[in-house]
Amino acid sequence: MDYQVFDTTLRDGAQREGISYTVADKLAVAKLLDEFGVGFIEGGWPGAMPKDTEFFARARTELSLTNAVLVAFGATRKAGVEVSHDPQVQALLDAETPVVCVVAKSDIRHVERALRTTGDENLAMVRDTVRHLVANGRRAFVDCEHFFDGFRYDPAYTASVVRTAFDAGAERVIMCDTNGGMLPSMITAAINEVVARTGVSADRLGIHCQNDTSCAVANTIAAVEAGVKHFQCTANGYGERPGNADLFATVSNIQLKLGLQVLPDGCLEQASRVSTALAEIANIAPDTHQAYVGAAAFAHKAGLHASAIKVDPLLYNHVDPSVVGNDMRILVTEMAGRASIELKSRELGLDLAGHPDTLSAVTRKVKELEAGGWSFEAADASFELLVRGELPGHGVVRPFTLESWRTQVEHREDGSVVSEATVKVRVRGERVIATAEGNGPVNALDEALRAALSQHYPQLKTFELTDYKVRILEGSHGTNAITRVLLDTGDGDRDWTTVGVHENIVEASWVALVDALTYGLARESVQA
């Protein structure tokens with residue numbers, strides 16, 4: 001590859017608040033990044049971080065990478081210390097990675113005030129460290145910290161750091177927008193001037209952008225358009241403060257918009273899968289509105305969009321979602337028209353094109369329900385049940401009919417709070433009464449209903465409520481408010497979401513619960 005995709009999720013990305021990778025996590029992240037096709041994986045700072053030292057030691061025997069090479073990160077030698085006697089530099093060599101990336105000060109203000117040394121000594125630190133790494137068989141990259149701020153303040157000194165690193169044998173010198181304050185035009189202007197001042201070709205330079213102006217991806221793209229062929233990113237934009245340039249958006253833009261091949265064939269299609277998997281490892285909810293890979297990246301809500309998409313999906317999609325492993329989704333809301341309903345139904349395997357009366361009925365019913373507080377855009381299962389109920393020959397048989405349900409909550413003398421629920425239902429002609437306890441009225445109802453149905457529907461034991469969301473609807477006040485409940489249910493193979501709305505939170509939950517079990521059982525029946 002002419003372009004170097006350099007990922008620093010395990011080092012710079014790990015500085016995000018709330019992320020704390022174990023060594024096992026780091027190994028799993030590295031495998032996923034390799035599957036995505038990045039060329040370099042910066043694994044951390046050996047010597048400075050015991051966890052990173054262990055990672056590199058275990059990686060030698062536990063990681064088998066196909067596309068990427070591991071990179072150890074560290075600093076230049078300390079001021080006044082012989083490079084061969086600097087333990088931190090030695091730790092970089094002990095990591096046994098083919099590539100080492102060292103950070104160097106390139107802003108004279110940081111040299112004098114933070115390092116408390118001279119500009120000449122800082123250049124010697126860069127020169128000695130790079131030469132030492134190269135002499136020991138390593139490919140050396142140099143991250144010029146605070147590059148753009150330093151270049152704006154004293155361009156001659158910052159340029160001298162670049163020349164010194166290359167003269168010493170560095171393969172790449174990376175310009176870092178450490179404070180994240182640059183805009184794309186500033187990036188382009190600085191690169192052009194650096195090339196003019198140093199005589200170094202832009203394709204030997206690299207770019208590393210923080211996202212403090214929300215321009216990290218744009219700044220990285222600007223650098224590539226200016227001739228830079230090495231760019232550093234983090235998965236999902238993880239990083240300190242607002243984060244770094246998002247790996248998936250950056251790579252997708254460069255490959256799909258600029259037409260530059262930066263990943264091996266077949267790897268870009270892994271973007272959505274890898275993004276979600278990395279979010280799970282980081283224990284951070286995936287950003288549904290993330291460009292390219294988010295669940296909402298190709299979701300359409302307005303009826304006007306759906307009408308055009310029905311003719312040609314690319315009329316409202318800037319790329320085919322499948323090229324990044326994503327899918328187009330049609331959201332069903334009060335804004336939906338007939339085209340939205342038709343497309344969404346087709347997405348669920350129900351063709352309403354030949355049933356205009358049913359299409360009109362479903363559209364009218366959705367609008368009426370949404371006006372009353374229902375929301376189907378996140379509740380595909382409830383929407384599918386609604387459509388099947390209107391579509392001749394596709395109705396779902398409800399697994400039971402309700403006679404009544406009752407809940408009570410008891411606060412006991414020992415301080416414990418226990419909920420109890422009783423349900424009376426008819427199942428296949430049989431009247432069944434079941435009572436169960438739970439940690440809340442909804443949990444107790446769930447347990448009681450399962451107990452009542454389990455003899456007739458043993459597959460219910462595989463169903464699990466995985467999430468429960470409650471929202472008080474706008475315009476409602478106090479304890480008399482209208483409540484919307486969303487339930488996520490799964491069976492180990494697939495998840496589905498149902499919705500219920502009522503003035504009573506338990507009744508809203510009951511409606512969503514009944515839909516959840518009904519949908520799951522209907523799906524089991526179809527598969528059988």
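Q: Hi! Which residue forms a salt bridge with Asp 52?
A: Lys 26 does, and the closest N and O atoms of the pair are 3.2 Å apart. Salt bridge here means a side-chain nitrogen of Lys or Arg within 4 Å of a carboxyl oxygen of Asp or Glu. This is a predicted model, where local features need pLDDT of at least 70, side-chain atom pairs count only at pLDDT 80 or more, and totals for chains, interfaces and linings use all residues. Residues are numbered from 1 along each chain as its sequence is written, and side-chain values use heavy atoms, with hydrogens and water left out.

Q: How many salt bridges does the structure hold?
A: There are 24 salt bridges. One of the links is a network that joins Arg 11, Asp 12 and Glu 42.

Q: Which residue does Arg 58 pair with?
A: Arg 58 forms a salt bridge with Glu 62, with the closest N and O atoms 2.9 Å apart. The two are 4 residues apart in helix H2, which means about one helical turn separates them. Arg 58 is partly exposed at 27% relative accessibility, and Glu 62 is partly exposed at 39%.

Q: What about Glu 145 and Lys 105?
A: Their side chains meet in a salt bridge (2.8 Å, N to O). Glu 145 lies in strand E5 (residues 139-145) and Lys 105 in strand E4 (residues 99-105), so the pair ties together parts 40 residues apart in sequence. Glu 145 is partly exposed at 21%, while Lys 105 counts as buried at 17% relative accessibility.

Q: Changing topic: why is helix H15 described as largely enclosed?
A: In H15 (residues 380-390), 8 of the 11 residues are buried, so the rest of the structure largely encloses this helix. Among the buried ones are Phe 383, Glu 384, Leu 385 and Arg 388.

Q: Which strand is Val 470 in?
A: Val 470 lies in strand E14, and at 38% relative accessibility Val 470 counts as partly exposed.

Notes:
Buried < 20%, exposed > 50% of the residue type's maximum accessible area, 1.4 Å probe, protein only.
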